[in-house]
Amino acid sequence: LPAEMRAELAAAFKSAHDHSSPVGSPRIGPALRVPASPPPPTSEREKKSEKPRKPAVPPGYESAVAAFQSLPSVFSPVEKLQVLHDTFRKISDDVLEFWSGQERLLSMDDVLPLILFVVVRARIRHLGAEVRFLNDFLPMDSLSGESRVLLTTPR
């Protein structure tokens, strides 16, 4: 590099580093500094003013989420398929209860978003392995229409 460019680079490097900080650590501008977290509440008044924590599952479909969360605790493919049926029934029951029996789940356009909502809220570890287990040990030829849809949806 020409001497002029080396001098510019050295000046830029020198100005970008704070000599009071450890060697080689870049200086952080005020806009990039992380604000210090507030101290924990000490008085009773401050403790009462804290916001309550959100529940793990938002209101609605708690029973369906709980039913679906039991999927890893059963071991046979038939029991796992029964969990899927129970979850779907609980989703349908929740919809009927919410709409006071005036609305029903009639098409996959209605069902799919609710099933996905429940699946995401259930937070099942290794859900892909559970689905693969069902696909490997339950032949699609032997399944009825509802069972086939329930087995295909989590894919």
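**The chain and its residues**

Mentor: Of the contacts in the chain with a separation of 6 or more, 55% join residues 24 or more positions apart; contact means heavy atoms within 4.5 Å. The model is predicted, so local features need pLDDT of at least 70 and side-chain atom pairs count only at pLDDT 80 or more, while totals for chains, interfaces and linings use all residues. Residues are numbered from 1 along each chain as its sequence is written, and side-chain values use heavy atoms, with hydrogens and water left out.

Trainee: How many helices and strands does the chain have?

Mentor: Helices (H or I, at least four residues) and strands (E, at least two) are DSSP runs, numbered from the N terminus. Along the sequence the pattern reads α-α-α-α-α-α-α. The count is zero strands and seven helices.

Trainee: What share of the 155 residues in the chain is buried?

Mentor: Buried means under 20% relative accessible area, exposed over 50%, and partly exposed in between (1.4 Å probe, protein chains only). By that rule, the buried share of the 155 residues is 24%.

Trainee: Against which helices do the buried residues of α3 pack?

Mentor: In helix α3 (residues 62-69), the buried residues are Ala-64, Val-65, Ala-67 and Phe-68. Seen down the axis of α3, they fall within an arc of 160 degrees, so they line one face of the helix; the arc is that of the directions from the helix axis to the C-beta atoms. The buried residues of α3 pack against α4, α5 and α6.

Trainee: Which side chain of opposite charge is nearest to Asp-94, and how far away is it?

Mentor: Asp-94 is located in helix α4 (residues 77-98) and, not counting residues up to four places away in sequence, touches Tyr-61, Ser-63 and Ala-64. Lys and Arg count as positive and Asp and Glu as negative, with His and the chain ends not counted; a salt bridge is a side-chain nitrogen of Lys or Arg within 4 Å of a carboxyl oxygen of Asp or Glu. Asp-94 is buried yet has no salt bridge, and the nearest side chain of opposite charge, at 8.0 Å, is Lys-90.

Trainee: Is Arg-123 buried or exposed?

Mentor: Arg-123 sits in the loop between α5 (108-122) and α6 (127-137). Most residues other than glycine have a negative phi, whereas phi of Arg-123 is positive, near 50 degrees. With a relative accessible area of 64%, Arg-123 is exposed.
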